Amino acid sequence: MTTRARSFRHHTTATFRALPSTFPPPCTRPNWRDTKSRGDAPSRREATRRVRRAASGRASGSARGFDMAHGSGRHGGAAVRRRKVPASTVAAAAEEAPADAPPDEFRPLAIAKRLKHRWDALTTWQGYALTTVVIAGPYAAWLLYMWLRLQSGLLREAVSATTPRAVLIVGTQSSGTTQMSRALANVGLEVGHETSDCSWSFARDGTISWMHGMRFMPGNATEANILGLCAAFRKNMGFPPAAFGPPRLRCSYRATWDACWRAECSIRVAREWGCARRNDCETPFSTSLLQLRHPARTMESLAAKFCVQAEDAPHFDFVAVAAALWPEKRLAWRAAKCFDAVGWYAALYARDMLDARDAGEIDGVYRVEETEPCAVAAMAGLAGNKKTRRKCGFGESASSQTIVPGGVETKSTAKGANERNRGRVRVEIGRDVRSVELRFLLGEVARRGGYEELV
């Protein structure tokens, strides 16, 4: 054994002998012997003082050996001695503190630190609260408003999917349904655009929509119809299944499209397609109207919305939905250029709706270019609405067949210049439409709708 090893063993042995046994084993008498004192057992206060001295490195005798042995450079103690860093243990702090010193929690510096910590926590909480209020506050307010007005039944009676409504107005896309819905709202009517779900939209009086025309389509929905319409979500075509009412499968409104909505779409298409002929539609309407617009003007608006160039095919979503509605023209949809594709869509939709009018499933037809919203309200049987009667100047005994002249002037929905097109696209049937069959069909639906010239 080397001299260095003997020295380390001697100091370690002396150190453990110097430490008193403050926690003796049971049934044994404590041994208070150490290298400095071999007399009677010290008092408890003296034992505590010795423990503090040994822990703080200020014990005498062999306790210094403990300090020297564990103060070597191997344990980092040499660096501490060179820096002359004083011991900062709990016992040393308690021994050096005056007896009459106030506790830490009553010292001014501790109080200031504690107040600053609480202020920082408060400002952090206020920041999170402000962000939450700014982002979630308007959404929560909107949900509360919709619940109070449409679902709670506190302010007025709630309307379910099976509650009868006053009017359903159908018309192809780009026939002016958006403008007519706004015009009807201006005269005090709640007519939803592309929706009949009264749980989340104001459609108490009725609906104006192109896709609700499915109830007037011939026959029943085929597999090609269902797969084509429900294969994917096509935002530009405005065909969400929730537009017909609350989902039967309880799909989440937070999800735009998933397996649940795909299944819900299949159920809706199978149920709505041709339900007017079967007389089993889920949402009954007292009056059904068809809104027409000149086929050439409708084609111009559709081309401005779905086409980039006249020689290109329309948007894929448009072609997919049109092919799903009329799968017998699938080859024509794929090969058709812009004007022919939108022309087939407008002509076929108008043809099927006019056939439903002739079969008695649609009660009336009007041309949007020359029909005021007050006249539409009268045709829908809503002339008795208090606000509508005041804005339109209807008499007290106004009926669906009576319009009293001299009322408040309202803006016509006639669109000499298409709001979407704004004069960018101009269609001439004889020049721009290539299909002879399509030209004939466009002329036929224009004549049946009351348009004299097809230009």
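How many bridges join strand β1 to β4? Five bridges join strand β1 (residues 165-170) to β4, and the two run parallel. The model is predicted, so local features need pLDDT of at least 70 and side-chain atom pairs count only at pLDDT 80 or more, while totals for chains, interfaces and linings use all residues. Residues are numbered from 1 along each chain as its sequence is written, and side-chain values use heavy atoms, with hydrogens and water left out.

**Strand β4 and its partners**

Helices (H or I, at least four residues) and strands (E, at least two) are DSSP runs, numbered from the N terminus. Two strands pair if DSSP finds at least two bridges between them. V170 has L290 in β4 as its bridge partner. Strand β5 (residues 364-367) also pairs with β4 in the parallel sense, over four bridges. There, L289 has G364 in β5 as its bridge partner. Strand β4 (residues 285-292) is largely enclosed by the rest of the structure, because seven of its eight residues are buried. Buried means under 20% relative accessible area, exposed over 50% and partly exposed in between, with a 1.4 Å probe and protein chains only.

**Aromatic pairs**

Rings of Phe, Tyr and Trp (its six-membered ring) pair if their centres lie within 6.5 Å; planes under 30 degrees apart count as stacked, over 60 as edge-to-face and the rest as tilted.

| Pair | Centre to centre | Between planes |
|---|---|---|
| W210 and Y345 | 6.4 Å | 70° |
| W326 and Y345 | 5.9 Å | 75° |

W210 lies in the loop between β3 (206-209) and α8 (223-230), and Y345 in helix α14 (residues 338-358), 135 residues apart. W326 belongs to the loop between α12 (316-325) and α13 (330-335), 19 residues from Y345. W210 is buried at 4% relative accessible area, Y345 is buried at 0%, and W326 is buried at 2%. One aromatic cluster is formed by W210, F306, F318, W326, Y345 and Y349.

**Helices α11 and α14**

Helix α14 also packs with α11 (residues 295-306): their axes come within 9 Å and cross at roughly 125°. Axes are lines fitted to C-alpha atoms, for helices over the stretch in contact, and angles run from 0 to 180 degrees between N-to-C directions. α11 and α14 are therefore oblique to each other; angles under 35 degrees count as roughly parallel, over 145 as roughly antiparallel, 65 to 115 as roughly perpendicular and the rest as oblique. In contact (heavy atoms within 4.5 Å), T298, M299, L302 and A303 in α11 meet residues of α14 including V342, Y345 and A346.
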